[in-house]
Amino acid sequence: MNHAFEILVFLAALSIGVGLKFASQWSGLYSILAISVLTLSGRRGPGFLLVIALVVGLAAVLALESEALGFILLSVIPGCTAGYLVTRYFSLGKALIAGFSAGAIGFGLFWLNQFYLQGAQLSMHFIETSFVDYFNYIFLPTLEASGLGEYYEAQGLTQSVLKEYINGFLQSLAKLRPGLYILEEWARVLLGIVIGKFFLQRRELLPYPPFSMQRMAWELDWVIIAGLVFWLVGDHWNQALLNRIGANLLFLMTPIAFYFGLSLVFYILKNWRLRSWTLAIIAVVIIFLPVQACMFITVLGIFDPLIDYRNLDGKRGSPT
């Protein structure tokens with residue numbers, strides 16, 4: 001019997017530990033690799049998946065020692081979740097939902113552990129630091145070098161005013177800091193599972209419908225409603241925690257709703273007989289009003305599970 005697949009997966013699992021030990025600065029890439037390896041391991045059943053999970057976990061402990069918990073929570077657990085669903089012949093969409101859920105729970109546990117041990121809040125996300133560095137080291141020096149600083153000062157936009165604007169923006173962005181970290185984790189989970197799916201294509205595992213037929217699960221609409229309620233209640237009664245929870249829920253659901261809204265747009269363009277002038281208007285709106293177009297597509301994704309635009313006449317058929 002050919003054991004080439006098992007040997008390759010086992011070597012890939014060991015390489016994760018070696019990489020974490022000698023090139024820890026690339027831990028994000030090794031996290032993606034771990035999720036991919038564990039997803040692939042599901043091809044040989046739960047027993048093989050458990051063995052590879054133990055190998056990856058042990059390699060992380062030997063390489064990272066006290067910092068291994070974060071890697072296990074943010075990489076091994078989501079990867080095991082996706083791999084287990086592979087053993088049960090679930091679809092790609094359900095594997096992603098389960099992986100995202102495991103990643104969010106893993107991040108929450110990791111955050112609570114850090115808070116318990118160090119009593120520290122979340123550090124600034126690299127997106128926040130990128131904005132600060134851009135403003136201080138690129139925008140302001142460029143403004144002074146170009147000679148436009150005097151012009152803007154004449155309009156009342158002095159450096160102090162600009163700094164107040166950027167500080168206000170950073171304070172708003174700080175409210176979404178948990179969401180930024182979870183979104184980063186979701187990106188790793190997405191890449192890991194999709195890479196695993198690429199190598200599982202010949203086995204027809206993790207099946208998925210065509211992009212234009214994909215529709216958001218109606219349960220996620222309740223998550224959006226809950227986020228909106230928390231956000232509005234927190235804002236109305238000055239409850240910062242509720243407001244922050246709602247803002248992060250809405251922030252995390254926005255790209256998901258946009259994805260499924262884009263799927264619906266592709267379906268409409270492909271199957272509905274739109275006139276040329278309608279297509280021209282759509283193109284103009286996308287080009288000149290991209291923000292508004294993205295918002296509209298996101299709203300379509302939110303309402304699609306409720307209205308089912310693909311089955312308005314009862315003939316086209318609903319996606320599974």
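This is a predicted model: local features need pLDDT of at least 70, side-chain atom pairs count only at pLDDT 80 or more; totals for chains, interfaces and linings use all residues.
1. Start with helices H2 and H4. H2 covers residues 27-41 and H4 covers residues 68-87; their axes come within 7 Å and cross at roughly 25°. Angles under 35 degrees count as roughly parallel, and H2 and H4 are therefore roughly parallel to each other. If you want the handedness as well, the crossing of H2 and H4 is right-handed.

2. Now look at who does the touching. On the H2 side the contact is made by Ser 27, Tyr 30, Ser 31, Ala 34, Ile 35, Leu 38 and Thr 39.

3. Ser 31 is found in helix H2. Is Ser 31 buried or exposed? Its relative accessible area is 3%, and the cut-off for buried is under 20%, so Ser 31 counts as buried. Leaving aside residues up to four places away in sequence, Ser 31 touches Phe 71, Leu 74, Ser 75 and Arg 188.

4. The side chain of Arg 188 meets that of Glu 185 in a salt bridge, at 2.8 Å from N to O. Both residues sit in helix H9 (residues 177-199), three residues apart, which is about one turn of the helix. Arg 188 is buried, with a relative accessible area of 15%, and Glu 185 is buried too, at 1%.

5. Next, the salt bridges in general. How many does a search of the whole structure find? The count is five. One of them joins the side chains of Glu 6 and Arg 44, at 2.6 Å from N to O. This pair links distant parts of the chain, as the two residues are 38 residues apart: Glu 6 is in helix H1 (residues 4-22), while Arg 44 is in the loop between H2 and helix H3 (46-64). Glu 6 counts as buried, at 15% relative accessibility, but Arg 44 is partly exposed, with a relative accessible area of 28%.

6. There is another pair to check, Asp 304 and Arg 310. Their side chains meet in a salt bridge at 2.6 Å, N to O. Which side of the buried cut-off are they on? Asp 304 counts as buried, at 0% relative accessibility, and Arg 310 counts as buried at 0% as well. As for salt bridges that share partners, these join Glu 184, Glu 185 and Arg 188 into one network.

7. Finish with Phe 296, which lies in helix H13 (residues 290-307). The cut-off for exposed is over 50%; Phe 296 has a relative accessible area of 53%, so it is exposed.

Conventions:
Residues are numbered from 1 along each chain as its sequence is written. Side-chain values use heavy atoms; hydrogens and water are left out. Axes are lines fitted to C-alpha atoms, for helices over the stretch in contact, and angles run from 0 to 180 degrees between N-to-C directions. Helices (H or I, at least four residues) and strands (E, at least two) are DSSP runs, numbered from the N terminus. Angles under 35 degrees count as roughly parallel, over 145 as roughly antiparallel, 65 to 115 as roughly perpendicular and the rest as oblique. A crossing is left-handed if the near helix is turned anticlockwise from the far one by less than a right angle, and right-handed if clockwise. Contact means heavy atoms within 4.5 Å. Buried means under 20% relative accessible area, exposed over 50%, partly exposed in between (1.4 Å probe, protein chains only). A salt bridge is a side-chain nitrogen of Lys or Arg within 4 Å of a carboxyl oxygen of Asp or Glu.
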